[in-house]
Protein chains: 2
Amino acid sequence: MLLSNKAITSRDKDFAKWYTDVVTSAHLIEYSNVKGCTVFEPNGYAIWEKMQEVLDSMFKQSGHKNVYMPLLIPENLMKKEGELINGFAPEVAWVTIGGEKELDEKMCIRPTSETLFSDYYASKVKSYRDLPLKYNQWCSVMRWEKETRPFLRSREFLWQEGHTVHASKKEAEEETHNMLEIYKEFFENYLAIPVITGKKTEKEKFAGAEYTLTVEAQMYNGVSLQSATSHYFGQKFSKAYDIKFLNKENKLEYAYQTSWGCTTRMIGALIMVHSDDDGLVLPPKIAPNQVVIIPIGDSDEVKSLVNDTYNKLKNSGISLYIDDSESTPGFKFAEAEVNGIPIRIEIGTRDLEKGIITITRRDTKEKYQIDKDTDIITYVKDLMNTIQNDMYAKALKRREEKTYECTDIKEVEEIMNNNPGFVKAMWCGNPECELKMKEIKGTKSRCILENEKPISDKCVVCGREAHDLVVWGIQY
Amino acid sequence: MLLSNKAITSRDKDFAKWYTDVVTSAHLIEYSNVKGCTVFEPNGYAIWEKMQEVLDSMFKQSGHKNVYMPLLIPENLMKKEGELINGFAPEVAWVTIGGEKELDEKMCIRPTSETLFSDYYASKVKSYRDLPLKYNQWCSVMRWEKETRPFLRSREFLWQEGHTVHASKKEAEEETHNMLEIYKEFFENYLAIPVITGKKTEKEKFAGAEYTLTVEAQMYNGVSLQSATSHYFGQKFSKAYDIKFLNKENKLEYAYQTSWGCTTRMIGALIMVHSDDDGLVLPPKIAPNQVVIIPIGDSDEVKSLVNDTYNKLKNSGISLYIDDSESTPGFKFAEAEVNGIPIRIEIGTRDLEKGIITITRRDTKEKYQIDKDTDIITYVKDLMNTIQNDMYAKALKRREEKTYECTDIKEVEEIMNNNPGFVKAMWCGNPECELKMKEIKGTKSRCILENEKPISDKCVVCGREAHDLVVWGIQY
């Protein structure tokens, strides 16, 4: 009903404009009259719900429980851990008036909740028997960004933040790595987005973390997107917030913590990796509607096969709908395309006379005319698998084509200026070399690869001795 | 692990203290260092997740879609509808600083989102073909309360707010009534709480509504709790926010709106209706864990039957866990009790020698020794049904015992002072008579009953002519 049929700018002509065209044409987000904030419309929110469903189940299966912490953080509590407040101070929103009265102490809207979880854990954790506590929350957070882009950067966004507390360094570090693996699995198996994982440099890590592990994805235009992060805190927060426990030797010890999160930005990644000039393309495993059935003509035979097909697919757990609105078939096809429905089934009078129905894949636009008596459940399930795998393979192939190895900064410059992508290059560990790289169209270190062979022994920037193989990229 | 074993105050001795004892002993909520805000701990949040799951499915089945609106509302937008801002102004929190800068216009944290939905609908609705739009959101809201009580009244709480827009008065009024019915069904069939429904008086209706329908429940101590509301707005907001559409006659018309909501307060209702001096009692349909299996002894026979029973129940959709922690059986029983697990299954070496296992109901504490070869799936499912029905029947019986008809204000005074409950009495429609009633321990009109026979023709307060049969109660 609310379909906007306006043309979508070509992706190869103007990527940024194409992106916002897809966002609005597929009715994912609407700009609001609240500066820097957006309205998640039904189509956009449904993708987030699907992401939540999958991730929440992965979190629970790995022993995590959901909780909910307050939205507001009193200034004093926020200030206890110095690096965190320094990192976030410039971008928080402060509540100064409540119930018509000036507050004695201002409170910020959570930009992240390490402070509140740590304060809570301090009151709960007494003994090693209480540990680990592995909690997660789904909520919105606020960071006062100046420039905003739908899903990628906005003042308010939706996310999950896991916060765990452990009795040993080893266990906390394992948690940090396990959560990274869960994110990687989610990106690759559900979003059909290949990712690179590794450790952030000191400069790029989370404020307050001992180290940050990251999931990095490459978009269609070669630009990098930090897609999920998992932080190891060691005892930094437990010392600041006084989270102590009696260990097995009956001695007081500060606890070990982690946090990890991913956001509605993942919807942006889905768009920028898979979508095309006709709108959204969604992998079947994350599509709120996996199939649409479009009746053409209204003979009894059409109606009966439409209902029969609908019921068969519905009962085997496939999410789908019938588009029996009053619009023309052409309009319905365009709408299903712009909304990224993975499989379209047309059941029409003329086709049925020939004993066939028509199936169209959204990702490749391929059409298949199949016998109307085909076992539709198996057919659709197989096709969904094929689409899911093909989408991943296509994204992986493109990423591989746009991943380069460089030993000379001039090569990096050449690449980032003409056909950007991931650049693998050695780095000496000096932040000044990172700053030099940044002069090339804002190129930043994405992560340090942990188990890959060095490609040289010299820093790509300064030529000094280097041991770290780093992935570099222009970033969103 | 985190079980606090402290004694729970007797419910009949000190109801308020009993209530907070149950809340903390069952680890539902923890007070936080953010004044007026609480931490939803895993046990409390899991109940909310279960409520969300059931209600969300009921909303979706009745054609509603989820969206997400911004957290902040600019002052000007908030002020467009006068009654709403007057109603909420004294209790909102204002953000005045963002990103270290004083804002040009302050923004409040949403106390409710009529403004944002209306502003959005104004941009979306053009023609009767766009209508209805039936959207809902799950989020937190903030109201700067002075006195707070866990679940019942807090500065921040979790809720859902549905906001719909329609092409006709008739359809919008139907929606208002349909949502009331959905809430009633949820309370009665899932929470096992009998409710009274009706219309709020002018004095008690929602700021900005033409009328408010309400779901009212009675707690164990006879006090009333407003438990969910459904508002009909007519064209009030559409005129303030300019939501116009071309109707079938091709004329511009203002749209008709509703909103409806329920909150985490429902968890408070669950406690105050069903729980007892040993802690939480949950109806099986809303319990996050419906069954706990407690092994006693560690013989192979015990282990094998424990696992077998767990798998059978799990595979038939029952949520359960095995308590194989190191605590004593007595401790485990107490923990399952305080947490309100509806059914406890003990599988022990000595029982098995006699060929039996022991089942205990949380609601009545009745124990059943059953043959170990009993069809456990059918047995547990039947018992869950029985518990669910018995809990409802018990709550209904108590409410009926504490529901009175009065024709004389002295009777009302007598009842509210000694054994409060719902008082049905006639009312002339004058707000001054409501104020007179309020002098009796804060007694307020709960709702006007719509389809019940009048019990007299005179106002219980002033003796003048009266047509409305009103339910009155002391309120939370």
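Visitor: What pLDDT does chain A average?
Guide: This is a predicted model. In chain A, 99% of the residues score at least 70. The average pLDDT of chain A is 96.

Visitor: Over which residues of chain A is the pLDDT below 50?
Guide: Where pLDDT is low, the predicted coordinates should not be read in detail. One stretch of chain A has a pLDDT below 50, and beyond near neighbours in sequence it makes nine contacts in the model. That stretch is residues 1-5.

Visitor: What ipTM does the predictor give the complex?
Guide: Two scores are given for the complex. The pTM is 0.96, and the ipTM is 0.96.

Visitor: Which element gives the most to the side of chain B that touches chain A?
Guide: On chain B, 46 residues are in contact with 46 residues of chain A. Elements that each supply at least two residues to this side of chain B include α2 (42-61), β7 (133-142) and β8 (156-166). With six residues, the element that gives the most is β5(B).

Visitor: Which residue of β5(B) does Trp94(A) stand opposite?
Guide: Strand β5 (residues 93-98) of chain A is joined to β5(B) by five bridges, and the two strands run antiparallel. Within β5(B), the residue opposite Trp94(A) is Ile97(B).

Visitor: Which residue of β6(B) does Ile97(B) stand opposite?
Guide: Four bridges join β5(B) to β6(B), and these strands run antiparallel. Strand β6 (residues 101-109) of chain B is also joined to β4(B), by three antiparallel bridges, with Ile73(B) opposite Cys108(B). For Ile97(B), the residue opposite is Glu102(B).

Visitor: Which residue in the hairpin of β5(B) and β6(B) takes a positive phi?
Guide: This hairpin has two residues between the strands. A phi near 55° is taken by Gly99(B).

Visitor: Is α9(B) oblique or parallel to α12(B)?
Guide: The axes of helix α9 (residues 300-315) and helix α12 (residues 376-401), both of chain B, come within 9 Å and cross at roughly 60°. That angle makes the relation of α9(B) to α12(B) oblique.

Visitor: How many nonpolar residues are in the contact of α9(B) with α12(B)?
Guide: Thr309(B), Lys312(B) and Leu313(B) in α9(B) meet Ile376(B), Ile377(B) and Val380(B) in α12(B). By class, one residue is polar and one is charged. The count of nonpolar residues is four.

Terms used: Residues are numbered from 1 along each chain as its sequence is written. Chains are lettered from A and ligands numbered from 1 in the order in which they are written. This is a predicted model: local features need pLDDT of at least 70, side-chain atom pairs count only at pLDDT 80 or more; totals for chains, interfaces and linings use all residues. Axes are lines fitted to C-alpha atoms, for helices over the stretch in contact, and angles run from 0 to 180 degrees between N-to-C directions. Angles under 35 degrees count as roughly parallel, over 145 as roughly antiparallel, 65 to 115 as roughly perpendicular and the rest as oblique. Two residues are in contact if their C-beta atoms, placed from the backbone, lie within 7 Å. Ala, Val, Leu, Ile, Met, Phe, Trp, Tyr, Cys and Pro count as nonpolar, Asp, Glu, Lys and Arg as charged, and the others, Gly among them, as polar. Two strands pair if DSSP finds at least two bridges between them. pLDDT is the predictor's confidence in each residue, from 0 to 100.
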